[in-house]
Amino acid sequence: MKIDCIIIEDEPLAMERIRAFVKKSSLLHLLAVFDSGTDALAFLRSNDVGLIFLDINIGAISGIQLLETNAIRSQVIITTAYQEYALKGFDLAVTDYLMKPFTFERFTQAVNKVITNLSRSVISVEKKFIFIKTEYRLEKIFLHDILYIEGMRDYRKIHTINKKIMTLQTFRSLEEEIPPAIICRVHKSYMVALDKIDAVEKDMIRIKDISIPVSETFKRSFFELIGSK
């Protein structure tokens, strides 16, 4: 089965190069090509896409701004000539970052990462527990016991029904292990267990006596997950 993908790129030569690589790959099926972030955004609001090849400089809406709209829920491979956006891209959980000009071998390496991530997503839906690195041990935590996860500078504090656990694991690594249909990111400093939410009022989530904000970046995906668009 092939992964449906789109290309968002406003440089004609770069666009044709990526298009040729996609056609050469047996793993990909190209749905559309866009030279405008605005047009791509309209397409993404009504179409499911497994992978996006995304340039940074694409006119009125940059690739980074497009990521921040939260309209993108698929795997993303950034394609750019600008190294300085790498950190921001990975903060927004892109799968890989290809520096132009890149080879077909490097392109394939990035696509393989996408395959791995998508395979993990399928497996993780059935996941019941995870192991968290804390102090000098790995501690088993059942997902149904987690209330929410809080960012505290370099640490993440996992609040469960029975205890609190501190870990240096990043939000990104936790998001890779836990399916968003169970525990999702709602803020740069919070993940919440959807089945533990008592109420949502405007942009605030209430779990027991704790109020947790929903940021603009994660608002759309959160409300789609709880069935309220």
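The model is predicted, so local features need pLDDT of at least 70 and side-chain atom pairs count only at pLDDT 80 or more, while totals for chains, interfaces and linings use all residues. Residues are numbered from 1 along each chain as its sequence is written, and side-chain values use heavy atoms, leaving out hydrogens and water.

**View 1. Four residues, F129, F131, L138 and F142, form a nonpolar patch on the surface.** Strand 6 (129-134) and strand 7 (137-142) each supply at least two residues of this patch; strands are DSSP runs of E, at least two residues long, numbered from the N terminus.

View 2. E139 is buried, with a relative accessible area of 14% (buried means under 20%, exposed over 50%, partly exposed in between; 1.4 Å probe, protein chains only). Its side chain makes polar contacts with the side chains of R137 at 2.8 Å and K163 at 2.5 Å (N or O atoms within 3.5 Å, one able to donate a hydrogen and the other to accept it; residues adjacent in sequence count only if both atoms are side-chain atoms).

**View 3. Come and meet the aromatic cluster of F21, F53, F102, F104 and F107.** Rings of Phe, Tyr and Trp (its six-membered ring) pair if their centres lie within 6.5 Å, with planes under 30 degrees apart stacked, over 60 edge-to-face and the rest tilted. The whole structure holds ten aromatic pairs. One of them, F21 with F102, is tilted, at 6.1 Å centre to centre and 55° between the planes. F102 is buried at 6% relative accessible area.

Notes:
Patch = residues over 30% accessible without salt bridge, like charges linked within 9 Å, V, L, I, M, F, W, Y side chains within 5 Å. Areas by Shrake-Rupley, 256 points an atom, 1.4 Å probe, with all protein chains shown as cover. Salt bridge = Lys/Arg side-chain N within 4 Å of Asp/Glu carboxyl O. Helix = DSSP H or I, 4+ residues; strand = E, 2+ residues; numbered from the N terminus.
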